[in-house]
Amino acid sequence: MPKLCPHRVNKPTRCDAKAQDGSFPANPDVSLPGAMASTGRSHSALTRILAKLLLLNLLFSAAQAYSLLSDSSLRAVPLGQPSDFDIHTGTLLSPFLIPRVPGTEGHAKVQQHIVSFFRTRLPSWTVEWLNTTSKTPATGSSQIPFSNLILRRGPPGVKGGDVAWLTLAAHYDSLYRPEGFIGATDSAVPCALLMHVAQSVDDALTRKWENEGEGDGLEDVEATGVQILFLDGEEAWVSWTEEDSLYGSRALAEHWESAVHPPPSTYPNPLSSISLFVLLDLLGDLNPHVPSYFSTTHWAYQHLSSLEDRMRKLGLLETRPRMQFLPEKDKRPEQFTRGFIADDHVPFLRRGVNILHVIPTPFPKFWHTLDDDAEHLDDATIGDWARIVAGFVAEWMELDGVIGSGQKTEKGFARDEL
Ligand SMILES: [Zn+2]
């Protein structure tokens, strides 16, 4: 779908959870445990010194966790090119612009497109599946297959359970009815954007990790990686209910909560290793207005919004909207409500994961109609989203000075192995 907004669901119980990678702003009220703070004068002085050191360390860690790209690095972040996003010939987007109902031939073709893209053009990324089946209210006793695809690139030599994963997600299935529905914004474009992001940062990640391997003192920096989820079965088959929607994301969140990383691991399970879950949906229409939905991750929204603002001021974006795509950078805490849009992030939100939901309100006017097709997309808007989201990932992964520098490595080029 997602379900038409604003849709209230049960109040999340753990959505105040701190980012697992320490990137949440450091708390200035940090104090040491009471047992240490009450053991005499000399200990009090020591306590104060230790407290300051701890605070400095936290502030330093927070600053390290998200460092801004320089203007020259911003310029090096690739714009979405027609060769990738043309609706007829774009190598990333055009294969998605077909009906993709789970269990159909079109659905299988799109799966093949995703897998062959990563295996041939980005072979450093691992490819995993999480397959499940479910009955739907539209298909009787048949078990419909739903398959999530998980692509990861983390620092070499670091076990998956020790990596904080910046997680980017979109759904690749399309609506069952009306027949012939394409879902260009819902969510063909977001899927192609995720491929563009992976392609945009791949070589820079290689260079960054090679540099770190050369002993520049960064060995103790927390391991961070990028994880991309192509989620299946987001759409309802008849009408949106808890059971008839989010087939893929519900299965994945449940599986990742119960899976165990072998000890000793920094993160006990895959769910806890998600530093931020960025969900893209309904993108590609003109003049999107994407609010900040969650006070707990407003800091991340502000980074994304600032990046858009800087790119506009540098003349790096093609569109000239009256308002930014992400206009709520200055939203105040009391302006947030508990309402949010039901979408693939909900099973993760309910388990305490930090969510950044990049979806416009209002939805595109052609939402869930046959007009959500290739011809209604706006090329310039797609190109700008491509650059903004890739820039966000480049900042998160600390690629300043390495993004866009040098030539593509040999392994970055397409290979004919499939
Ligand atoms: Zn939809």
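**Exercise 1.** Work out whether Ala-259 is buried, partly exposed or exposed.

*Solution.* Start with the count: Ala-259 has 13 other C-beta atoms within 10 Å. Now the cut-offs: 20 or more other C-beta atoms within 10 Å, placed from the backbone, is buried, 12 or fewer is exposed, and in between is partly exposed. So Ala-259 comes out as partly exposed.

Before going on, keep in mind that this is a predicted model, where local features need pLDDT of at least 70, side-chain atom pairs count only at pLDDT 80 or more, and totals for chains, interfaces and linings use all residues. Residue numbers run from 1 along each chain as its sequence is written.

**Exercise 2.** Find which residues Ala-259 is in contact with, leaving aside neighbours within four places in sequence.

*Solution.* Take contact as C-beta atoms, placed from the backbone, within 7 Å. That gives Asn-269 and Pro-270. As for Leu-271, it sits 12 residues from Ala-259 in sequence and 8.5 Å away in space, C-alpha to C-alpha.

**Exercise 3.** Classify how H8 and H10 pack.

*Solution.* First, get the geometry: the angle is about 120° and the axes are 9 Å apart. Angles run from 0 to 180 degrees between N-to-C directions, with axes fitted to C-alpha atoms over the stretch in contact. Next, the classes: under 35 degrees is roughly parallel, over 145 roughly antiparallel, 65 to 115 roughly perpendicular, and the rest oblique. H8 and H10 are therefore oblique to each other. Finally, look at who meets whom: His-303, Leu-304, Leu-307, Glu-308 and Met-311 in H8 face Arg-387, Ile-388, Gly-391, Phe-392 and Glu-395 in H10.

Key
Helix = DSSP H or I, 4+ residues; strand = E, 2+ residues; numbered from the N terminus. Contact = placed C-beta atoms within 7 Å.
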